Amino acid sequence: MSFLSFFKKKSKEGEVQVALDIGTEYVKAVLFTVDSIEKKIFVKGYGRCRQHTNSMQGAMIINIENVTNACDMAIGSAIAYAEKHNPSKDKNSRLMIPRKCIIGIAGELVRGVTIMADYERENPKVKIIQKELDDVIKHIKEEAFNDALIDIAEEIGVKPESLEEINTKINATYIDGVKVDDPTNFTGKNITYRVFSTFAPSLHINSLKQVAKNLNLQLINIEVEPYAVARAIAGGRKEDFNAIILDLGGGTTDIAVIEKGVVAGTKMFAFGGRVITKRMAHDFGIDLNAAEDLKISYSNGKAQKAESDKIKSVLVKDFQVWADGVELGLKEIEDVESYPSVIYLCGGSSALPEVKTALMEHPWLQVLHFMKFPRVEFLYPKNLDEIEDLTRSIIDPMDVTPLSLARMVLENNK
């Protein structure tokens, strides 16, 4: 019996939900509530659990039982964390047990496509309502999805019928040439919708659904992680905002490009912290768990000098290759006129010092159309919009993704 199953009947708390970032190295869980009036996510608790070494491969689940157990432990830690930082006066209703979840998806087989829809409204004086938006998405699916599935299937080497839509969102709306954040209740004649659709193999999606089922949680939605992070950045939806986001996790590097406040595209490739962990395990003759501990110690500047020198000599070359992968990923994001001049780093593996160095030494101006050499900055939880951490303790770049996933619930409720 899982931790959640044991306590679920004892909880009489309100609508506490959980966001799950199921990574290759760790599962991270964020407990939160939604305030639709203030339009904010209130974070109640946070927990994480290290994955079994045979649980994931390239951000995809290969052992559902192991991943379910890790999620259960992470949620249990988040509940304990919430109880410590949010003590309740009513001892009979203290446990903050979630009944709904949102789960992130990543991996090199996850693909996103941008579709533009232009049309002229018959009655420009009538306010736009949700049904009109739903009809736009329905029409796009009927007209464009078959071709998109064929192209993606050919690109990743699978059959089109093995792919499944993750979700489809109106990424940006322009009414008579003016960008609006939410088109409902606006009037206008000439409308342009920029729609972002994402797809992945059904096997990948179904494994996440099964984990939620095993945890006795109602799955609200599955969200593409780089898209969620891109949407969560404070000010990131304004027309003057441009940025590249690199989320360096355990199994993959997730790329998102924001151009004029719109997610221009996402890309993922299979290079993450697990590559470094395996390298250390081999070079030092230790198991993967010990190698992961050594990697974290090195990232924090606490490794012994002899170890640090040996690690550094190897990682410099590895991250030169990684930077080439970032370059290739950026090239594959279509319709970018000029690449943004700021790169934001987040994710657990971004703490390795060689990551920032590799980006700063890469010849960006020679290989891609940058107006000027990009600066590199870390993305912190405090840089996210519409999220209030009631625990006041979630401060690391590695925690940006699960917080961003929680925020997507607020966006989906608009």
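Biologist: How many aromatic pairs does the structure hold?
Modeller: Eight. Rings of Phe, Tyr and Trp (its six-membered ring) pair if their centres lie within 6.5 Å; planes under 30 degrees apart count as stacked, over 60 as edge-to-face and the rest as tilted. This is a predicted model, where local features need pLDDT of at least 70, side-chain atom pairs count only at pLDDT 80 or more, and totals for chains, interfaces and linings use all residues. Residues are numbered from 1 along each chain as its sequence is written, and side-chain values use heavy atoms, with hydrogens and water left out.

Biologist: Why does the pair Tyr119 and Tyr193 count as stacked?
Modeller: The ring centres of Tyr119 and Tyr193 are 6.0 Å apart and the planes make 25°, so the pair is stacked. Tyr119 is in strand β7 and Tyr193 in strand β10, so the pair ties together parts 74 residues apart in sequence. Helices (H or I, at least four residues) and strands (E, at least two) are DSSP runs, numbered from the N terminus.

Biologist: Tyr193: buried or exposed?
Modeller: Buried, at 0% relative accessibility. Tyr119 is partly exposed, at 27% relative accessible area. Buried means under 20% relative accessible area, exposed over 50%, partly exposed in between (1.4 Å probe, protein chains only).

Biologist: Which residues form an aromatic cluster?
Modeller: Phe271, Phe319 and Trp322 form one.

Biologist: And what lies over the face of Tyr26?
Modeller: Arg48, at 4.3 Å from the ring centre. Lys310 has its charged end over the ring of Phe284, 4.5 Å from the centre. The cut-off: NZ of Lys or CZ of Arg within 6 Å of the ring centre and within 35 degrees of the ring normal.

Biologist: Back to β7 and β10. What is the strand order in that open sheet?
Modeller: β7-β10-β8-β9, four strands with antiparallel pairing. Two strands pair if DSSP finds at least two bridges between them.

Biologist: How many bridges join β8 to β10?
Modeller: 11, between residues 163-175 of β8 and residues 190-201 of β10. Tyr174 stands opposite Thr192 in β10.

Biologist: Which helix packs on the sheet?
Modeller: α4, residues 202-214, touching β8 and β10 (contact means heavy atoms within 4.5 Å). The direction of α4 makes about 90° with that of β8. Axes are lines fitted to C-alpha atoms, for helices over the stretch in contact, and angles run from 0 to 180 degrees between N-to-C directions.

Biologist: Whole chain now. How many helices and strands?
Modeller: The protein chain has 11 helices and 17 strands. Of its 414 residues, 55% count as buried.
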